[in-house]
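Here is a short briefing on charged side chains and their surroundings. Please read it with the model in view.

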Amino acid sequence: MLGEAKGIEQLQPQKVEVASYLSGIPLVASYGTETETKLEKIEIAPESINLTGDDRTQIETNEKVILVVEHDLRFAKIMIEKAHENGLKVVVATDYQEIFDFTNRFSPIAITLDVNMPSTNGWKVMQMLRSDLMYSHIPIHVISGEENRVMALKNGARSFLLKPMDSGLLNQLFRDIVKFHQKKTKSILIVEDNEIDASQIAKMLGDDNIRITLADTSTYALECIAKEDFDCIILDYTLPDMPGDELIYKVSKAKKLFTPLIIYSVRAFTNMEMNNVNFVANAHIMKQVNSIENLLTETVSQLHINHMDLSSDKRKIIENIRNKKDVLNARNILVVDDDVRNLFAMTTVFERFNMTVNTADSGKEAISLLLENPKIEMVLMDIMMPEMDGYETTRIIRQQHKNTELPIIAVTAKAMKRDREKCLEAGASDYITKPVKTDQMLSLMRLWFCKQ
């Protein structure tokens, strides 16, 4: 049998079709080629040396995990200790690849992100995590050695923490992580004196796991905040009983530290008013055509609700808005695969992002298409193809000077010890294995488009 070590080198190759699925459409992953004379020993690449002492090898199903993105190992160990005190497991990422690898593997309930990583643009990582529907529900707590609070909140952070931090603030952080994860029904305070607007907002945001409180005066809003720990506050700037700048100042002081504040108003702000709004609010949305849909998207994002848990109509609204703003939108890509079913499946996935999808069923055709079409921005390269395989095709593409910076993602069915290294040595930018998971593939593509 293949699983037995004895005699595996003597087995003759055969082409085995393994059914997989991409967005519900069957794909076929091919193992082995006719040109191979014997099978390679199946060796999975070992876990990289773990200098952080985190829990990556000791995590069991259903355990709560946080992802700590941190290059300072001393601080990482402090975070691990605090997490353990609160019944959490920890994985520590120190670079781009680990962040997305660990997020996919361990599904963290929260991420703490040091934006001052020496080899990684922390703000770009945050932008990718918050804009990707696969990850946007994960709360991100930004940690920095510089005062970047306003930027962190504008990018969708749940909180901003300035180094060095004392034990009390760290305890507060971990209490919030645990409490927020355990809270299944989120509460929203809508502060709006216009009855029609308030009713429309409540109707749009209302859902099985969202509870809404309405306040039509500043006084009543402040009374509600004093009594209840809301998960989000939506605030009209112009209320009859208090000036807007005074209101947002009092609300920001009265609300809990990690409660997001969204300003939703028709007012045209002066520069000074806008500065005040930016300093205290997580987001600002102008009342205009389709603004109620944008408010839904922003509120769900600030509440860190997985949009898949919402009703189908709200889910569709959010997906439509996000797809239009997605970095993948209107991109021009090339998919190289010798199986027409794979080409059809991938094309179907990419259509919803309004992409131009070029397809090639051989290495030679791929090279020809790239020469003819300089607008192609990325290549998804199947490795196991007859005649000219993905390795050789990638090498030839890289030899053409104009294609040295073109992102090429290798797609392979193999999981051998040096398979990733072979892809990178051939010139691939990155690597993903079959059966391809749609969300992971899209996230990897976003990563490389953001790097450009």
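Lys287 counts as buried, at 18% relative accessibility; buried means under 20% relative accessible area, exposed over 50%, and partly exposed in between (1.4 Å probe, protein chains only). This is a predicted model, in which local features need pLDDT of at least 70, side-chain atom pairs count only at pLDDT 80 or more, and totals for chains, interfaces and linings use all residues. Residues are numbered from 1 along each chain as its sequence is written, and side-chain values use heavy atoms, with hydrogens and water left out.

**Lys287 and its partners**
- The side chain of Lys287 forms a salt bridge with that of Asp197 (3.1 Å, N to O); a salt bridge is a side-chain nitrogen of Lys or Arg within 4 Å of a carboxyl oxygen of Asp or Glu.
- Lys287 sits in the loop between β12 (283-286) and α10 (291-303), and Asp197 in helix α6 (residues 195-205), so the pair ties together parts 90 residues apart in sequence.
- Helices (H or I, at least four residues) and strands (E, at least two) are DSSP runs, numbered from the N terminus.
- A network of salt bridges links Glu192, Asp197, Asp236 and Lys287.

**Other salt bridges**
- The count comes to 22 salt bridges.
- Asp231 and Lys183 meet through their side chains in a salt bridge (3.0 Å, N to O).
- Asp231 lies in the loop between α7 (218-227) and β10, and Lys183 in the loop between α5 (167-182) and β8 (186-191), so this pair ties together parts 48 residues apart in sequence.
- Asp231 is buried at 6% relative accessible area, whereas Lys183 is partly exposed at 27%.
- Asp54 and Arg56 also pair in a salt bridge (2.9 Å, N to O).
- Asp54 is buried at 4%, and Arg56 is buried at 6%.

**Arg331**
- Arg331 is in the loop between α11 (312-325) and β13 (332-336).
- Arg331 is buried, with a relative accessible area of 16%.
- Arg331 and Ile376 are 45 residues apart in sequence and 8.1 Å apart in space, C-alpha to C-alpha.

**Asp241**
- Asp241 lies in the loop between β10 (232-235) and α8 (244-254).
- Asp241 is partly exposed, at 35% relative accessibility.

**Whole chain**
- The protein chain has 16 helices and 17 strands.
- Of its 452 residues, 51% count as buried.
- Among contacts (heavy atoms within 4.5 Å) with a separation of 6 or more, 66% join residues 24 or more positions apart.
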